[in-house]
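Subject: Structure handover

Hello,

The structure is below, with my notes after it. Please read the notes with the coordinates open.

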Amino acid sequence: MDPRMDVLAELVGSIGSVGYGLAAIGPGIGVGIVWAAYIQATARQPESAGLTRTYAFLGAALSEALALIGLVVPFIFGPGNAG
């Protein structure tokens, strides 16, 4: 057996972890942007805090859903599920 194939097999296992780690950066930045916008909106117009808080929670939840989808998809469409 070719020794390069062993290295490739080990590389495939760790690439999924690295890929999800990189993919989790996006939702993390998105949540930060959502809450920064909420703080700015509340600082400019404090009376609108109740309305904008609802949108902030909704935006944060949708951003976190992207991270959860990124975690689940490799398990569904991973190399062991071909067929």
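In which helix of the protein is confidence lowest, and in which is it highest? Confidence here is pLDDT, the predictor's score for each residue, from 0 to 100. Helix H1 (residues 3-23) is lowest, at a mean of 65, and H2 is highest, at 93. Over the protein the mean pLDDT is 81, and 73% of the residues reach 70 or more.

This is a predicted model, in which local features need pLDDT of at least 70 and side-chain atom pairs count only at pLDDT 80 or more, while totals for chains, interfaces and linings use all residues. Residues are numbered from 1 along each chain as its sequence is written, and side-chain values use heavy atoms, with hydrogens and water left out.

Overall make-up

The protein has 3 helices and 0 strands, in the order α-α-α from the N terminus. Helices (H or I, at least four residues) and strands (E, at least two) are DSSP runs, numbered from the N terminus. Of the 83 residues, 16% count as buried; buried is under 20% relative accessible area, exposed is over 50%, and partly exposed lies in between (1.4 Å probe, protein chains only).

H2 and H3

The axes of helix H2 (residues 25-44) and helix H3 (residues 49-76) come within 8 Å and cross at roughly 175°. H2 is therefore roughly antiparallel to H3 (over 145 degrees; angles run from 0 to 180 degrees between N-to-C directions, with axes fitted to C-alpha atoms over the stretch in contact). Residues making the contact (heavy atoms within 4.5 Å) include Val34, Trp35 and Tyr38 of H2 and Ala56, Phe57 and Ala60 of H3. By class, this contact has 12 nonpolar, 5 polar and 2 charged residues. Nonpolar covers Ala, Val, Leu, Ile, Met, Phe, Trp, Tyr, Cys and Pro; charged covers Asp, Glu, Lys and Arg; the others, Gly among them, are polar.

H1 and H3

Leu71 is in helix H3 and is partly exposed, with a relative accessible area of 37%. Ala23, in helix H1, is also partly exposed, at 43%. The C-alpha atoms of Ala23 and Leu71 are separated by 8.9 Å, with the residues 48 apart along the chain. For Leu71 and Gly21, 50 residues apart along the chain, the C-alpha separation is 9.4 Å.

Regards

Notes. Angles under 35 degrees count as roughly parallel, over 145 as roughly antiparallel, 65 to 115 as roughly perpendicular and the rest as oblique.
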